Structure formats: C-alpha cells, structure tokens
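Let's take a friendly walk through a protein structure together. Keep the picture open as you read, and look for each residue as it comes up.

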Amino acid sequence: MAPLIALIAGTALARIAGLVGFSALDGWHPALRVGLAVMFTLTAVAHFLGQRRSGLIAMVPPRLPRPDLLVTATGVLELVGAVGLLVPATARVAAAGLGLLMLAMFPANISAARRELTLAGRPVTPLAQRTALQILFVATAAAISFGP
C-alpha cells in the first residue's frame, strides 16, 4: 500500500507546487511524473535495505538464477527510471521502461502471493489487490509515456 500512497501523495504535492507558482509542475502530467518518481524511489530503496531486501529476494520465483543479483538490478533500474521521470527530455522513455519493468517483475508478485510469503514481517499483498495496483501503476506509466 505504501507505493500507492507515495504515488498519490507525490502527485498531489507536486500539483499543489504547480498551482502555487512552481511553473515546472504546472499541470497534471508533470505532477504525475513526480508522483511516479517518488513511488519508484520508495520501492527502489527496499531493494537495498535489510528485511525488505531479503523479502524481495525470497519473492523471486525459485526457477530464476541469482535472485540477489536480480533484486539489485531491478532496484538500480527503478532508481535510474525515477531520475529519468524528472527530466522532461527523458520522461517518456523512462516511463515506458518502468512500465515494462513492472510487467517483467509481476510474475514475482504472483509467485510470492501463491507461496504466501511475507515482506518485512507482513504477508505480501493478495494477488487480486496486487493485480489492481499493478494495472494502476502501469497505466500511470503509460499515461506519462503517451500523454501530452
């Protein structure tokens, strides 16, 4: 749920900043870029810290090699993508790349839900809820990639 809160709060705060005079954020499209960047920064940090990292490593489907390396690589890609979202010239490509990354990582979420794993001591998000969130996150990336 934290990624959803980060997306909503980041977008709302960026939109407010645009409304009060920060011209770079004047509009929903730039605010949405900031919100998605905040969300990916939050999720990327989990790829490198303690319990969350070990939980993410456990989420990687068992048939894939080097889950630790995969978690590190996806964390780096999320951080690079978050930065790319903040640069207008690269935002569309970054959003498209992050959308594809989310689709590529979704099988890990399915695997984790089916195996009833925990993440930082809590059960992973149930599959139906995770699927709805994934659709929202990918749609947000698509809106940035193909929007105005």
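## Before we start

A residue is called buried when its relative accessible area is under 20%, exposed when that area is over 50%, and partly exposed in between. Asp68 has a relative accessibility of 30%, so this residue counts as partly exposed.

What you are looking at is a predicted model. Its mean pLDDT, the predictor's confidence score, is 94, and 100% of the residues reach 70 or more. Among the elements, helix 4 has the highest mean pLDDT, 97, while strand 1 (residues 118-119) has the lowest, 85.

In soluble globular proteins, nonpolar side chains tend to be buried together. Here the largest nonpolar core has 18 residues, and the members that touch the most others are Leu36, Met39, Phe40, Leu85 and Phe137. At least two core residues come from each of helix 1 (2-19), helix 2 (28-46), helix 4 (67-86), helix 5 (91-114) and helix 6 (127-146). Helix 5 gives the largest share, five residues.

Leaving aside residues up to four places away in sequence, Phe40 touches Glu78, Ala82, Leu98 and Met102. There is also a second, separate core of nine residues, with Leu56, Met59, Val71 and Ala113 among them.

## Pairs of opposite charge

Side chains of opposite charge can pair when their charged atoms come close. How many salt bridges does a search of the whole structure find? The search finds two.

One of these salt bridges links Asp26 and Arg15, with the closest N and O atoms 3.6 Å apart. Asp26 sits in the loop between helix 1 and helix 2, and Arg15 belongs to helix 1, so this pair ties together parts that are 11 residues apart in sequence. Arg15 is buried, at 13% relative accessible area. Another salt bridge joins the side chains of Arg66 and Asp68, at 3.1 Å from N to O. Arg66 is exposed, because its relative accessible area of 51% is over 50%.

Now look for Arg53, in helix 3 (residues 50-59). The side chain of Arg53 does reach the backbone oxygen of Asp68, at 3.3 Å. Beyond residues up to four places away in sequence, Arg53 touches Ala46, His47, Phe48, Asp68, Val71 and Thr72.

Glu78, in helix 4, is also buried and without a salt bridge, and its nearest side chain of opposite charge, Arg130, is 8.0 Å away. What joins the side chains of Glu78 and Thr43? A polar contact of 2.9 Å does. Not counting residues up to four places away in sequence, the neighbours that Glu78 touches are Phe40, Thr43, Ala44, His47, Leu98, Leu101 and Met105.

## A last stop at Val34

Val34 is part of helix 2.

Methods:
Residues numbered from 1 in each chain as written. Predicted model: local features only at pLDDT ≥ 70, side-chain atom pairs only at ≥ 80, totals over all residues. Heavy atoms only, no water. Core = buried A, V, L, I, M, F, W, Y, C linked by side-chain atoms within 4.5 Å. Buried < 20%, exposed > 50% of the residue type's maximum accessible area, 1.4 Å probe, protein only. Helix = DSSP H or I, 4+ residues; strand = E, 2+ residues; numbered from the N terminus. Contact = heavy atoms within 4.5 Å. Polar contact = N/O pair within 3.5 Å; in protein donor to acceptor, adjacent residues only side chain to side chain. Salt bridge = Lys/Arg side-chain N within 4 Å of Asp/Glu carboxyl O. pLDDT = per-residue confidence, 0-100. Lys, Arg positive; Asp, Glu negative; His and termini not counted.
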